[in-house]
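This report covers the strands, domains, cores and chain contact of one model. The sequence and structure come first.

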Amino acid sequence: MSDVPGDLRYSKSHEWVRVNDDGTVTTGITDHAQGLLGDLVFVELPEVDHEVEAEEACAVVESVKAASDVYAPIAGTVVEVNEELNDAPEAVNQDPYGAGWLMRLQPSSVEDVERLMSPDEYQEYIESE
Amino acid sequence: MLIFEHSRPGRRAGVQAPAAEASADDLPAGLLREDRPALPEVSEMQAVRHYTRLSQKNFSIDTHFYPLGSCTMKYNPRACNTLAMLPGILARHPLAPASEGQGALACLYELQEMLKEVTGMKAVSLTPAAGAQGEFAGVAMIRAYHDARNDDARDEILVPDAAHGTNPATATMCGYKVREIPTLDNGDVDVDALREAVGEHTAGIMLTNPSTLGVFERRIKEIADIVHQAGGLLYYDGANLNAILGKVRPGDMGFDVIHMNLHKTFSTPHGGGGPGAGPVGVSERLEPFMPVPIVDYDGDEYVWLTEKERPQSIGRLSAFMGNAGVLFRAYVYARLLGREGMHRVAEFATLNANYLMKRLQQAGFDLAFPDRRATHEFIVTLKRQMKELNVSAMDVAKRLLDYGYHAPTTYFPLLVPECLLIEPTETESREELDGFVEAMTRILEEAAGDAGLLHEAPHTLPVRRLDEVRAARELDLRWKAG
């Protein structure tokens, strides 16, 4: 059973979003997504200051099975990326909501987060998939 | 065991060794090596046994059923290779004047003509050296066409999400942005989404038909009309040409440019990174842009067409004629089959795939598209087995090796979870297909009884389950002594 924390929001393409106290949002891929991909061997992250549109492919996660795009769950500007993943992509598998975070965004509009799925909706979504 | 591990100082095959040391006195002293190279020192028989044993460990189309979907691993008739090695072909110097090689040029010209007929295109250039280069040539021609018309706003290539990964890569290499078009649940391209996506930015669309999902794109005419009306061109990826060879023609479907993989569809072994050939066929409007050289017949003799005759050409993609050996094999293959034979290739490839698909369904496997007829390949999904038995597509693939079958393609296309993409090809007998079904049936029984057996497979090969994750994370390709 995949872990779906109750304090996050979720996209259909299996990214999670956490709103931080400073108004930025942290994002990564869900436990369900890392489970489907299998052990990651490489993570490619965007440049800091890169502006992303919602649903724009902005990172790549690669496992021995497949390379998959990661989409920006909301529009914004990249303010920080998780450099640790360059050497330790397995953090995404081991701790997808913690040490395996991918990037931090300054959202164009923080209300966009509300349009993403709630934990219950996402749980239902992955069960129906 | 590596041949270096057989090595003992001073041991050698005297009869095979050169009688005298080669002279190197014409090389500058600073470039000469000081130590002898670290070559294995073995007897002739040790070398023979070592390499014979290695060859016996191969899984190859010559030894095993090889149903690798999307790759068409079919039998390459020996005659094609033998005839392509005739001295008149093999010994011809590429810089020899055309008048000295009329026979070889005639073969290439006829190959162009046969490929035109089998694809329904207006003209063919044989020179791209492999599939990826054929793709590149195709999209480069689309670019050259728009550029020649000063139609500069077209900066997008549409690619269905089921496409081969090479398609978006090619579009990017040619300087285009890639826009993905979704696929419907029944395997067809989402035509409504396509309609919304096309416009003045559309340079073209890259399509494989039959698609990577193993089904025929039924609304292809409508798709062609939508893209053409928006001013874009249609590119056909020839990866799956084996399914329709001569039966349905990309030119008739409305495609403007196509690449063909002569290695794989036309009798050259492939998959080892060896030489390939990716000829391109074009509609009338792209003809001026074709890569050169091309062979032409002026009514009297065969001549080369180069940049001089084709000033708008995208240019040369390789030295001389690309991988000429592959072209000659393809020529012999096409001549051996003839028109009816080509049709039979497509018919038997499709028949074999549909037979295998139905039998695996009866054996309890789930199909990704149970309501669709297979083309030359089809997809089994082990999503249910993964959930219920914790048995993955990779486990089944590895276990198949124990039964003496090369595994089908795993985890591709990406759209279908836990999938096996199975392509039996036209050259397999019914008995061979039945044997595969029997192995798959037994694996399914094992999955229900003892999933551990599958998790640890293969059990009978020289190497057991490899740690692919560690291999990718800690890449180490060098053998070290001791």
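Two strands pair if DSSP finds at least two bridges between them. Strands (E, at least two residues) and helices (H or I, at least four) are DSSP runs numbered from the N terminus.

## Basis

This is a predicted model, in which local features need pLDDT of at least 70 and side-chain atom pairs count only at pLDDT 80 or more, while totals for chains, interfaces and linings use all residues. Residues are numbered from 1 along each chain as its sequence is written, and chains are lettered from A and ligands numbered from 1 in the order in which they are written.

## Strands of chain A

Strand β6 (residues 57–63) of chain A pairs with β7(A) in the antiparallel sense over five bridges. Within β7(A), S68(A) is the residue opposite V61(A). An open sheet of three antiparallel strands has the order β4-β6-β7 (chain A). Its edges are β4 (40–44) and β7 (67–71) of chain A, each pairing on one side only. From one strand to the next, the twist averages 25° (axes are lines fitted to C-alpha atoms; angles run from 0 to 180 degrees between N-to-C directions).

Strand β2 (residues 15–19) of chain A runs antiparallel to β3(A), joined by five bridges; V19(A) stands opposite V25(A). Their hairpin has five residues between the strands, and G23(A) takes a positive phi near 90° in it. β3(A) also pairs antiparallel with strand β9 (residues 103–107) of chain A, over three bridges, where L105(A) is the bridge partner of V25(A). Four of the five residues of β3 (residues 25–29) of chain A are buried, so this strand is largely enclosed by the rest of the structure. Buried means 20 or more other C-beta atoms within 10 Å of the residue's own, with C-beta atoms placed from the backbone.

## Domains and cores

An automatic or database assignment sets the domain bounds. Chain B has domain 1 (3–11 + 24–56), domain 2 (78–337) and domain 3 (340–471). The C-alpha centres of domains 1 and 2 of chain B lie 43 Å apart.

A nonpolar core is a set of buried Ala, Val, Leu, Ile, Met, Phe, Trp, Tyr and Cys residues joined through C-beta atoms within 7 Å. The largest has 121 residues; L108(B) and Y235(B) are among those with the most contacts inside it. Domain 2 and domain 3 of chain B both contribute residues, so this core lies between them.

## Chain contact

Six residues of chain A and seven residues of chain B make up the contact (C-beta atoms, placed from the backbone, within 7 Å).

Note on methods: Buried ≥ 20, exposed ≤ 12 C-beta atoms within 10 Å, placed from the backbone. Contact = placed C-beta atoms within 7 Å.
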